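Please find below a colleague's note on the structure under review. The points are numbered so that each may be taken up separately.

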Amino acid sequence: MDAKQVLKFAKENNAKMVDLRFMDFPGLWQHFSVPISELSEESFTEGYGFDGSSIRGWQPIHASDMLVIPDPATAKMDPFYAEPTLVLICDIADPMTFEPYSRDPRNIAKKTEAYLKSTGIGDTVYIGPEAEFFIFDDVRFESNNNSAFYMLDSEEGVWNSGRDEMPNLGYKPRHKQAYFPVPPTDKLQDLRTEMTLILQSLGIDIEAQHHEVATGGQGEIDMRFKPLVQMSDQLLWFKYVLKNAAYRAGKTVTFMPKPLYGDNGSGMHSHISIWKDGKPLFAGDKYAGVSDMALWAIGGILKHCKAICAFSNPTTNSYKRLVPGFEAPVNLAYSSRNRSAAIRIPMYSSSPKAKRIEFRTPDPSCNGYIAFSAMVMAVLDGIQNKIDPGQPLDKDIYALPPEELANIPSAPGSLEEALAALKEDSAFLLKGDVFTQDVIDMWIEYKTEHEVNPVKLRPHPHEFMLYFDI
């Protein structure tokens, strides 16, 4: 849609308000609303002012004025508000120069797409994330100077198999055995279907929905692949719809990678392919039916994986999932079909259009605009430099003897380690001014000051179990 079409669309849907949305630096959707009377064709070029100093990781107080400029192509009607409300995703600009803001995550993603085209390698990069999540019935947590706790609950949780539920009817999936039984063991089918139908009503193509491996309400809804910026926009809608549909049903959704001890965490396996002139470039006659370009792309991700993780696995909790020897793919190897490798070449279809690489390390706590951009920049670096990914590893990596496993590099073991890797390996991100040094420096500073150090300084509840009687 263009500006005129958006105004017509708003009128046809009797919109009363306009919700202007944008992504903050760490990765939460932000918004403010204006009456529909405040929306005109000029709004799409002149924008609306707001205080950038109140957004995490953005402007200092002495240079706080910024603009949100709505993108007319993103217009949708909100499915949850009481009054009909038009939603527009916005870009961020400087009010003096109207230049795009370097720390706006959406701007980084747009620059990534532009850089791809400038290289001549391709004209479209498709992204297909599989964002897993948990649906809980109750969540409580607290972190004070002298106390800390969390408590999660789910009607599906196997820990409730002995609870008096007046009556307890059983059918609670055991740890790591919830992929994927039919109801009544799967108690969330109808809610996931409701989420799926809402997403489809917003024009978001959905391929499947199902329960995931963990007890206690883990699920997955798969979106069909789309170009990078479009998929990044969709991922925001995806999280928004799931959270609000669950909230409306008296439940809660979290994309936290590892909320439960002793069961699978939530990943976000990300499928990537590059096309040019409507033709897929990752199909070929090499290993697993891929092209040299696809293998070089794999080489780029493997080379830069530790730095990518600072964006694709951006929380301290991410590394509770990325533990060697457990369920997550931390080993920096590639394979066809083998799900224990960090990069997999899916073999569901022999069609050239289906040929892609699947990066399995990321998790859904990430800022999609930035994380997908970092992945694509690594892919392009691999292609440009013809980085050899080495030989595939078609064995079960988890079952390898220690002497063989020692030769396989691993993803970072902590957010601090990932940030250190980003500091040392960022040149590939700076190409085409996609990421700026300011963005990388601020990301490292923000994550260190607001997440790494606060977690590092606090006693962990389990430490009392281990050490209080020393």
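1. Basis of the model. This is a predicted model, in which local features need pLDDT of at least 70, side-chain atom pairs count only at pLDDT 80 or more, and totals for chains, interfaces and linings use all residues. Residues are numbered from 1 along each chain as its sequence is written, and side-chain values use heavy atoms, with hydrogens and water left out.

2. Salt bridge between R56 and D24. The structure contains 24 salt bridges (a side-chain nitrogen of Lys or Arg within 4 Å of a carboxyl oxygen of Asp or Glu). In one of them R56 pairs with D24, with 2.8 Å between the closest N and O atoms. R56 belongs to the loop between β3 (48-51) and β4 (65-70), and D24 to the loop between β1 (17-23) and β2 (29-35), so the pair ties together parts that are 32 residues apart in sequence. Helices (H or I, at least four residues) and strands (E, at least two) are DSSP runs, numbered from the N terminus. R56 is partly exposed at 34% relative accessibility, whereas D24 is buried at 1%. Here buried means under 20% relative accessible area, exposed over 50%, and partly exposed in between (1.4 Å probe, protein chains only).

3. Further charged pairs. Side chains of opposite charge can pair when their charged atoms come close. D438 and R103 form a salt bridge of 2.8 Å, N to O. This pair links distant parts of the chain, with D438 in helix α12 (residues 437-457) and R103 in the loop between β6 (85-93) and α3 (105-119), 335 residues apart. D438 is partly exposed, at 33% relative accessibility, while R103 is buried, at 10%. A salt bridge also joins R163 and E165, again at 2.8 Å from N to O. R163 has a relative accessible area of 33% and is partly exposed; E165, at 25%, is partly exposed.

4. D381 and its surroundings. D381 is part of helix α8 (residues 368-384) and is buried, with a relative accessible area of 5%. Its side chain makes a polar contact of 3.0 Å with the side chain of N385. A polar contact is a pair of N or O atoms within 3.5 Å; within protein, one must be able to donate a hydrogen and the other to accept it, and residues adjacent in sequence count only if both atoms are side-chain atoms. Neighbours within four places in sequence aside, D381 is in contact (heavy atoms within 4.5 Å) with H304, I387, F428 and K431. Although D381 and K303 are 78 residues apart along the chain, their C-alpha atoms are separated by 9.6 Å.

5. K226. This lysine lies in strand β12 (residues 226-227). K226 is buried, with a relative accessible area of 12%. Its side chain has a polar contact of 2.8 Å with that of D205. Not counting residues up to four places away in sequence, K226 touches V125, Y126, I127, D205, M231 and Q234.

6. Helix α5. The 21 residues of α5 (residues 228-248) should span 30 Å at 1.5 Å a residue, and the end C-alpha atoms are 30 Å apart, which agrees. The expected span is 1.5 Å times one less than the number of residues. Of the 21 residues, 16 are buried, so α5 is largely enclosed by the rest of the structure.

7. Surface patch. V139, F141, Y150 and Y261 form a nonpolar patch on the surface, with about 570 Å² of accessible area together. Y150 belongs to strand β9 (residues 148-153) and is exposed at 53% relative accessibility. Patches are made of residues with over 30% relative accessible area and no salt bridge, like charges being joined within 9 Å and nonpolar side chains (Val, Leu, Ile, Met, Phe, Trp, Tyr) within 5 Å. Accessible areas come from the Shrake-Rupley method with a 1.4 Å probe; for residues, only the protein chains shown count as cover.

8. Backbone points to inspect. Most residues other than glycine have a negative phi, and most peptide bonds are trans. The peptide bond from M166 to P167 is cis, with omega near 0°, and that from P183 to P184 is cis, with omega near 10°. F98, a residue other than glycine, has a positive phi near 65° and is partly exposed at 41% relative accessible area. D277 likewise has a positive phi, of about 50°; D277 is in the loop between β14 (268-276) and β15 (279-280) and is exposed, at 63%.
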